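Subject: Structure for your files, with notes

Dear colleague,

Please find the structure below. My notes on it follow.

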Amino acid sequence: MDTAGGAGPAGAPGAPDSKTNKEGSKSRSRRWWRKVKAKASRLMHSMDLRTMTQSLVTLAEDNIAFFSSQGPGETTRRLSGVFAGIREQALGLEPALGRLLSVAHLFDLDAETPANGYRSLVHTARCCLAHLLHKSRYVASNRRSIFFRTSHNLAELEAYLAALTQLRALAYYAQRLLATNRPGGLFFEGDEELTTDFLREYVTLHKGCFYGRCLGFQFAPAIRPFLQTIAIGLVSFGEHYKRNETGLGVTASSLFTSGRFAIDPELRGAEFERIAQNLDVHFWKAFWNITEIEVLSSLANMASATVRVSRLLSLPPEAFEMPLTADPKLMVTISPPSAHTGPGPVLVRLISYDLREGQDSEELNSLVKSEGPRSLELRPRPQQAPRSRSLVVHIHGGGFVAQTSKSHEPYLKTWAQELGVPILSIDYSLAPEAPFPRALEECFYAYCWAIKHCTLLGSTGERICLAGDSAGGNLCFTVSLRAAAYGVRVPDGIMAAYPATMLQPAASPSRLLSLMDPLLPLSVLSKCVSAYAGGETEDHCDSDQKALGMMGLVRRDTALLLRDLRLGASSWLNSFLELSGRKSHQNLMPKAEPMRRSVSEAALAQPEELGTDPLKNLTRHDLSLRGSSETSGTPELSLSAETLGPSTPSDVNFFLRSEDAPEEVEARDEARDELGTQDKGLSIGVTFPEGFHPRRSSQGPTRMPLYSSPIAKNPFMSPLLAPDSMLQSLPTVHIVACALDPMLDDSVMFARRLRNLGKPVTLRVVEDLPHGFLSLAALCRETREAAALCVERIRLVLTPPGPTSPV
């Protein structure tokens with residue numbers, strides 16, 4: 001914020017020779033201005049939408065009149081034009097937001113949980129309006145000052161005007177969804193061709209304005225510097241990514257030598273948009289895996305809780321038997337995962353705050369996999385803690401394509417300390433090398449192994465909670481569904497943080513937010529889902545090895561970076577620039593045999609692909625004899641070809657609740673009729689009123705899969721599409737979602753389906769935080785509180801039910 005004129009905070013800078021006093025005064029000054037901006041933000045957010053719009057229009061007209069009277073000149077002309085644009089877009093946006101807000105409550109889970117994509121879109125637009133109102137007031141108050149930074153303020157106003165224009169386009173798209181969907185439905189329900197037309201139109205919108213000066217404006221203030229750092233690192237990493245493809249190599253200094261992206265927000269925004277639209281899933285896999293680098297993971301662990309046990313285990317691919325829940329005398333065989341790459345070991349990480357009985361046994365030690373010098377060894381301890389009554393089985397996120405338990409270890413250590421129970425985190429195989437159903441098979445195998453061998457993990461296994469975030473949340477649901485299909489013990493509860501439950505490229509109001517989300521752009525989300533579904537068809541014969549080679553080069557040069565930091569900033573910067581040019585051809589990795597990437601639907605059609613258990617058929621028969629054939633004996637709960645095929649529309653009708661009151665249904669119908677009348681005769685591509693033209697992307701066609709793979713309709717891939725008979729088998733579910741997450745509607749709709757079935761489910765929605773906040777748990781107060789909420793939900797699962805139980 002510019003600070004021209006007006007009284008400043010108490011404590012002016014001291015004498016010129018007092019460096020300490022200067023720094024202290026500057027720190028106090030920054031804190032004072034943060035308080036001023038926070039107070040202004042609270043005041044403006046307390047305004048209703050119409051009052052805010054009218055205030056902004058009044059200020060815009062005042063500024064137009066002032067700058068128009070300043071005579072000819074390019075700068076004054078642009079200032080007049082930008083305020084005229086703000087007035088036009090604000091007046092056009094306010095009615096659209098008002099209509100969305102008037103019906104948004106009809107899509108909430110309940111009155112205590114006012115959250116859905118329509119509300120989030122309105123909130124985001126209000127944040128943009130509030131910033132423009134604040135900036136317009138500042139300009140009106142300081143435009144005559146000699147300290148008024150004209151070019152800076154003009155650039156910021158133009159950036160937020162571009163954002164406001166795109167938000168207006170999103171509001172019209174949301175209206176279109178509201179008019180097209182069934183009452184209460186948050187996901188677009190047109191046929192596939194209509195859906196593709198909608199997405200093709202949507203992805204052409206300009207996005208760069210949200211990644212420049214406006215980056216993260218909708219999130220909590222403490223999150224924005226982190227997002228800016230991520231964005232600068234991303235575009236720098238992307239700039240050097242092609243060097244690896246051409247044999248020039250990628251260095252760790254790549255993340256620090258592109259300073260122009262830090263000082264030129266517009267350039268950063270354009271480059272971010274280009275990367276998001278055009279680079280393939282292998283780039284995102286490599287970038288997200290930067291947290292796996294030894295130095296970065298060690299730094300993260302230094303700031304996390306200290307635990308007695310953190311050991312990587314390798315579970316051998318050996319079949320074992322599990323008792324059936326209905327009749328423990330009957331056994332079912334759990335076969336090792338075999339899809340795509342054949343039987344292989346499954347890696348898991350055991351984390352425990354205390355060393356408990358069984359965790360240093362010879363049997364467990366024989367499974368330990370060395371992690372090199374980082375591997376934590378158990379230190380001698382005179383007395384072991386007894387086995388815990390509970391166990392948490394964790395499945396990490398990462399879009400099904402990236403990260404391992406190492407990336408999530410910092411917050412898992414905190415969980416282990418606060419919950420006082422062992423945690424087993426599963427390192428499942430990643431797409432596109434290992435697409436669906438490999439990850440599901442491995443997670444299910446590890447879950448069953450944990451139940452059978454819980455005493456080795458330091459637990460008696462009386463209470464078991466499945467916990468995961470994002471893609472891991474999806475796998476928590478599907479592992480539970482598969483456990484029910486096999487007839488083995490399902491967990492006592494599930495805690496899913498911002499889970500993905502619908503893996504089809506279906507539009508919803510919250511997914512419209514992916515246009516501006518720096519962590520989950522729509523094109524990136526679609527590429528990850530396509531890779532998991534086995535639809536990665538781009539011609540990258542050696543992309544896997546390139547990504548591996550790139551990470552090796554990053555690790556090498558990170559060590560060099562730490563050495564050169566001792567020589568001074570200018571010295572290491574110049575040395576790395578020279579080093580990357582001299583050694584570019586010395587670190588090429590040998591080509592490896594490419595792994596299978598695509599799912600073979602013919603193979604998936606064979607029942608043995610999802611399990612070759614010799615007792616499976618017997619088990620299904622036994623399940624049907626125990627009196628619950630409508631739940632466990634149906635084809636939907638088996639792992640046969642019928643399950644792997646798409647669900648029929650008649651099986652999946654979760655948009656209209658059977659117990660809805662007639663007046664509520666009528667209100668929804670009236671809202672649809674009103675919007676439908678306004679848009680009558682318009683095709684899905686003609687969404688905007690006459691005279692309004694949103695900004696279009698200049699980055700060319702988006703390399704994004706628009707058509708959904710039939711496999712994405714599989715309920716073991718998209719649990720939101722599972723029939724009622726399958727969802728009835730789920731245990732208590734606790735969902736923690738983010739109001740500004742493009743995946744919010746996944747959580748709302750999934751919780752609604754479970755609620756309609758009478759299943760115990762809670763949904764808590766945190767404000768102002770991005771998708772993936774668990775990995776940012778140590779960043780600020782807001783993320784710590786959200787992470788603590790996840791721990792509280794897990795504790796509810798681990799608490800035995802009783803008369804005073806909250807669940």
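**Helix α9**

The buried residues of helix α9 are Pro 265, Arg 268, Gly 269, Glu 271, Phe 272, Glu 273, Ile 275, Ala 276, Gln 277 and Asn 278. Since ten of its 14 residues are buried, α9 is largely enclosed by the rest of the structure. The helix covers residues 265-278, and at 1.5 Å a residue it should span 20 Å; the C-alpha atoms at its ends are 20 Å apart, which agrees.

**The chain as a whole**

Please keep in mind that this is a predicted model. The secondary structure consists of 25 helices and ten strands. Of the 807 residues in the chain, 58% are buried. Among contacts with a separation of 6 or more, 82% are between residues 24 or more positions apart.

**The sheet and the helices on it**

Eight strands make up an open sheet with mixed pairing, in the order β1-β4-β6-β5-β7-β8-β9-β10. At its edges stand β1 (309-315) and β10 (761-766); each has a single partner strand, so one side of each is left without a neighbour in the sheet. On average, and ignoring direction, neighbouring strands of this sheet are turned by 20° against each other.

As background, strands of a sheet pair through backbone hydrogen bonds, either parallel or antiparallel. Here β5 (residues 388-395) and β6 run parallel and are joined by four bridges. His 394 stands opposite Ser 425 in β6.

Two helices can be described against this sheet. Helix α13 (residues 405-419) lies across β1, β4 (346-352), β5, β6, β7 (459-469) and β8 (493-497), and runs at about 35° to β4. Helix α25 (residues 781-798) packs on the sheet as well, where it touches β5, β7, β8, β9 (732-738) and β10. The direction of α25 makes about 145° with that of β7.

**Aromatic pairs**

How many aromatic pairs does a search of the whole structure find? The search gives 24. One of them is formed by Phe 283 and Phe 287, whose ring centres are 6.3 Å apart with the planes at 10°, so this pair is stacked. Both residues belong to helix α10 (residues 281-288), and because they are four residues apart there, about one helical turn separates them. The general rule is that an α-helix has 3.6 residues a turn, so residues three or four places apart point the same way. Phe 283 has 0% relative accessibility and counts as buried. Phe 287 also counts as buried, at 12%.

Phe 436 and Tyr 532 form another pair: their ring centres are 5.8 Å apart and their planes stand at 80°, so the pair is edge-to-face. Phe 436 and Tyr 532 are both buried.

There is also a cluster, in which ring pairs link Tyr 172, Tyr 173, Tyr 202, Phe 688 and Phe 692. Separately, a charge sits over a ring: the charged end of Arg 143 is 4.4 Å from the centre of the ring of Phe 66.

**Backbone exceptions**

Most residues other than glycine have a negative phi, and most peptide bonds are trans. The following entries depart from that pattern.

- The peptide bond from Ala 431 to Pro 432 is cis, and its omega is near 0°. Pro 432 is in the loop between β6 and α14.
- The peptide bond from Phe 436 to Pro 437 is cis, with an omega near 10°. Pro 437 is found in the loop between β6 and α14.
- His 340, which is not a glycine, has a positive phi of about 75°. His 340 lies in the loop between β3 (331-334) and β4, and is buried with a relative accessible area of 15%.
- Tyr 498 has a positive phi near 35°, again in a residue other than glycine. Tyr 498 is placed in the loop between β8 and α16, and at 1% relative accessibility counts as buried.

Regards

Key:
Residues are numbered from 1 along each chain as its sequence is written. This is a predicted model: local features need pLDDT of at least 70, side-chain atom pairs count only at pLDDT 80 or more; totals for chains, interfaces and linings use all residues. Side-chain values use heavy atoms; hydrogens and water are left out. Rings of Phe, Tyr and Trp (its six-membered ring) pair if their centres lie within 6.5 Å; planes under 30 degrees apart count as stacked, over 60 as edge-to-face and the rest as tilted. Buried means under 20% relative accessible area, exposed over 50%, partly exposed in between (1.4 Å probe, protein chains only). A charge sits over a ring if NZ of Lys or CZ of Arg is within 6 Å of the ring centre and within 35 degrees of the ring normal. The expected span of a helix is 1.5 Å times one less than its number of residues. Two strands pair if DSSP finds at least two bridges between them. Axes are lines fitted to C-alpha atoms, for helices over the stretch in contact, and angles run from 0 to 180 degrees between N-to-C directions. Contact means heavy atoms within 4.5 Å.
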